[in-house]
Amino acid sequence: MHDIRPAALVRSLDPSVLHSATKTATSLGVPIAVRSGGHHIGGFSTVEDGLVLDFSPFRNVVFDPESGLVQVRPGARLGDLDTVLAAHGRCVPTGTVSDTGITGLTLGGGIGWLVAGYGLTCDHLHSAEVLLADGRVVEVSRQAHADLFTALRGGGVGAFGVVLKLCFHTVPLPRIKAGSVRYPLSDATRVLGALQKLLAEDTPETVTLAPVLDFRGSTPGLSVDVCCHSDDERDLDRIRTMLGGDWSDVYDRHYPQWQSILDRSFQPPMRGYWKSVHFDRLDIDPELLAEAIRGAPDNRCSILVEYYNVETLRAHAEGSAFPLRDSRMGVLFSARWPDPAHDDVHMHWARKWSMRIGGGAGAYSNYSQDTEHQVRSSFAPETLASFRALEAAYDPDRLFAKGHRAALGDSATVDRG
């Protein structure tokens, strides 16, 4: 989707090299982009006729058993982190596709299979090493440059500089019982309605639920993807009893293996477009979602519903700019197709149905284009003011103002995506 050709790539972790490159680009009026995993749906990691600071080769992960901290270089993928930590019986709650870059995921929040009980990836960030526009390298944490650290923890507007290293708190690797329960589309309204009722009464901390309306061949249906991350299976048993169906696919899994279960859907080269809407309530009409998948233009399209434990999200809110702490659910319309001639019909499908299900509490930056006003509207006015203050302090010339940060100063930004 992003056929963008930069003029040059710089691959280095040397701050003096990077600063020299950015100064040269600035003197020439050349725009700059930063690439870690290169995974964002909005194509933020490249720029036409500009300079890309490409960290994708730098994937080193180092775990310190004594402190329980893990340091990662900016190009590390989730799979790199999972593999190293699992060998020590530890993990960092991250996303759901192993090729995702850990840096971009963290800066935008980080929703994954452990979110119900452990929160977001950014909630486990201990510190970061950031190269600023003036060439200084600063250590950012709760104790140093705390204002910038807050933005790094899920603000979704970048680092106001260049991240050279991230350090995370780790947690004990939980036992994972996970899998997918398949239902015919005729059961979707019943199943989704029952889940909304259950979660409105008592949202579990031990089970992350992510129903998906998608296709098996040409037949649409519903898969309830479930991940129990606790030895206590009472919540899992309660959900199983309530929903019924064939649960034979739900069994003990190795965490890194489950973390890569969606790779086959998102890694193959293909065109793609997403629309994300979050809600602070649990009253979305399931029949609308069933109607949407029936009308999908391609059997690669899907609708993902992600449910959240608000108490877990709120528990990590202090010192974090992540704007969706009151979100009860998110709905992601995902269109994928191979032929550029079919762009309009697929993008129209995602836009149409994201509007049909109603206005939400905002949009998740890691799922969104840079022109979507829902991302901006997710933030409280005081948070937007803090971003502008950070820009003035750390990057007044807006060298690194790309992606969602690019529209921060534009009050007239509208949804053109």
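This note goes through the sheets, helix packing and aromatic pairs of a predicted model.

1. Basis. The model is predicted, so local features need pLDDT of at least 70 and side-chain atom pairs count only at pLDDT 80 or more, while totals for chains, interfaces and linings use all residues. Residues are numbered from 1 along each chain as its sequence is written, and side-chain values use heavy atoms, with hydrogens and water left out. Helices (H or I, at least four residues) and strands (E, at least two) are DSSP runs, numbered from the N terminus.

2. The three-stranded sheet. This open sheet has the strand order β1-β3-β2, and its pairing is parallel. Two strands pair if DSSP finds at least two bridges between them. At the edges are β1 (8-10) and β2 (32-35), each of which pairs on one side only. From one strand to the next the twist averages 25 degrees. Four bridges link β2 with strand β3 (residues 51-54) in the parallel sense, and Ala33 stands opposite Val52 in β3.

3. A helix on that sheet. Helix α1 (residues 15-27) lies across β1, β2 and β3, and runs at about 165 degrees to β3. Axes are lines fitted to C-alpha atoms, for helices over the stretch in contact, and angles run from 0 to 180 degrees between N-to-C directions. Contact means heavy atoms within 4.5 Å.

4. The seven-stranded sheet. Which order do the strands of this open sheet have? The order is β14-β11-β13-β12-β16-β17-β15, with antiparallel pairing. The edges are β14 (251-253) and β15 (271-279); each has a single partner strand, so one side of each is left without a neighbour in the sheet. On average, neighbouring strands of this sheet are turned by 20 degrees against each other, direction ignored. Strand β16 (residues 302-307) and β17 run antiparallel and are joined by six bridges. Glu306 stands opposite Gly330 in β17. Helix α12 packs on the sheet and touches β15, β16 and β17; its direction makes about 170 degrees with that of β17.

5. α6 against α10. Two packed helices are described by the angle between their axes and the distance between the axes. For helix α6 (residues 188-201) and helix α10 (residues 286-294) the angle is about 140 degrees and the axes are 8 Å apart. That makes α6 oblique to α10. Angles under 35 degrees count as roughly parallel, over 145 as roughly antiparallel, 65 to 115 as roughly perpendicular and the rest as oblique. In this contact, Ala188, Thr189, Leu192 and Gly193 of α6 meet Pro286, Glu287 and Leu289 of α10. By class, the contact has four nonpolar, two polar and one charged residues. Ala, Val, Leu, Ile, Met, Phe, Trp, Tyr, Cys and Pro count as nonpolar, Asp, Glu, Lys and Arg as charged, and the others, Gly among them, as polar.

6. α10 against α12. Helix α10 also packs with helix α12 (residues 343-356), at an angle of about 170 degrees and with axes 11 Å apart. That makes α10 roughly antiparallel to α12. Leu288, Glu291 and Ala292 of α10 make the contact with Trp349, Trp353 and Arg356 of α12. These residues divide into four nonpolar, no polar and two charged.

7. Aromatic pairs. Rings of Phe, Tyr and Trp (its six-membered ring) pair if their centres lie within 6.5 Å; planes under 30 degrees apart count as stacked, over 60 as edge-to-face and the rest as tilted. By this rule there are eight aromatic pairs. The rings of Phe333 and Trp349 have centres 6.0 Å apart and planes at 80 degrees, so this pair is edge-to-face. Phe333 lies in strand β17 (residues 329-337) and Trp349 in helix α12, so the pair ties together parts that are 16 residues apart in sequence.
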